[in-house]
Amino acid sequence: MQEKIKISLPIIVEGRYDKAAISSIFDAVVITTDGFAVFNSKEKRAVIERLSREGIIVFTDSDSGGRQIRTYLSGFLPKDRIFHVYVPRIKGKESRKPHPSKEGVLGVEGVGREALLGALSPFIGEATARGREITPLD
């Protein structure tokens, strides 16, 4: 078994399968939005706000649902503490699902280890990219 890679900032993902994918590789605090449930949960919002004190990584899927959640989180979290990380837009279907997503792209859970390592590499060790947004080009 490979040793997990330490990331000191908490990571927000959409669901439990995304959390499982991240947690299998990284030693980090990972919180789920429970999809769109975060829009109506004062408790979840309070937890996210508390965890974002030193900074927080927002790592949602690159579909329209992920963008809506990302926009919502950006509306109440301090801009200087949010680090937006984007999953590559790869066509396909998650292995646990019988059909592809509405947009036909893989989410955080489906892109694989190398894509997750690449997307979160700026946050590994001392190389944290504080002070700038991580873009899809990264």
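This is a predicted model: local features need pLDDT of at least 70, side-chain atom pairs count only at pLDDT 80 or more; totals for chains, interfaces and linings use all residues.

Colleague: How many residues does the largest nonpolar core have?

Modeller: A nonpolar core is a set of buried Ala, Val, Leu, Ile, Met, Phe, Trp, Tyr and Cys residues joined through side-chain atoms within 4.5 Å. Buried means under 20% relative accessible area, exposed over 50%, and partly exposed in between, with a 1.4 Å probe and protein chains only. Here the largest core has 24 residues, and those with the most contacts inside it include Ile22, Phe59 and Leu116. Two or more residues come from each of β2 (11–13), α1 (16–23) and α4; α4 gives the most, with five. Helices (H or I, at least four residues) and strands (E, at least two) are DSSP runs, numbered from the N terminus.

Colleague: Which residues does isoleucine 22 touch?

Modeller: Contact means heavy atoms within 4.5 Å. Not counting residues up to four places away in sequence, isoleucine 22 touches Ile11, Val13, Val30, Phe59, Val108, Leu116 and Leu120. A second, separate core of eleven residues includes Val38 and Phe76.

Colleague: How many salt bridges does the structure hold?

Modeller: A salt bridge is a side-chain nitrogen of Lys or Arg within 4 Å of a carboxyl oxygen of Asp or Glu. The structure holds two. In one, aspartate 34 pairs with lysine 44, the closest N and O atoms being 3.2 Å apart. Aspartate 34 lies in the loop between β4 (30–32) and α2 (42–51), and lysine 44 in helix α2, ten residues apart. Aspartate 34 is partly exposed at 45%, whereas lysine 44 is buried at 17%. In the other, arginine 45 meets glutamate 49 at 3.6 Å, N to O. These two are separated by about one helical turn because they are four residues apart in helix α2.

Colleague: Is leucine 106 buried or exposed?

Modeller: Leucine 106 counts as buried because its relative accessible area is 11%, under the 20% limit. Leucine 106 sits in the loop between β6 (82–84) and α4 (113–120). Leaving aside neighbours within four places in sequence, its contacts include Val87, Pro88, Lys93 and Val111. Leucine 106 and lysine 93 are 13 residues apart in sequence and 5.8 Å apart in space, C-alpha to C-alpha.

Terms used. Residues are numbered from 1 along each chain as its sequence is written. Side-chain values use heavy atoms; hydrogens and water are left out.
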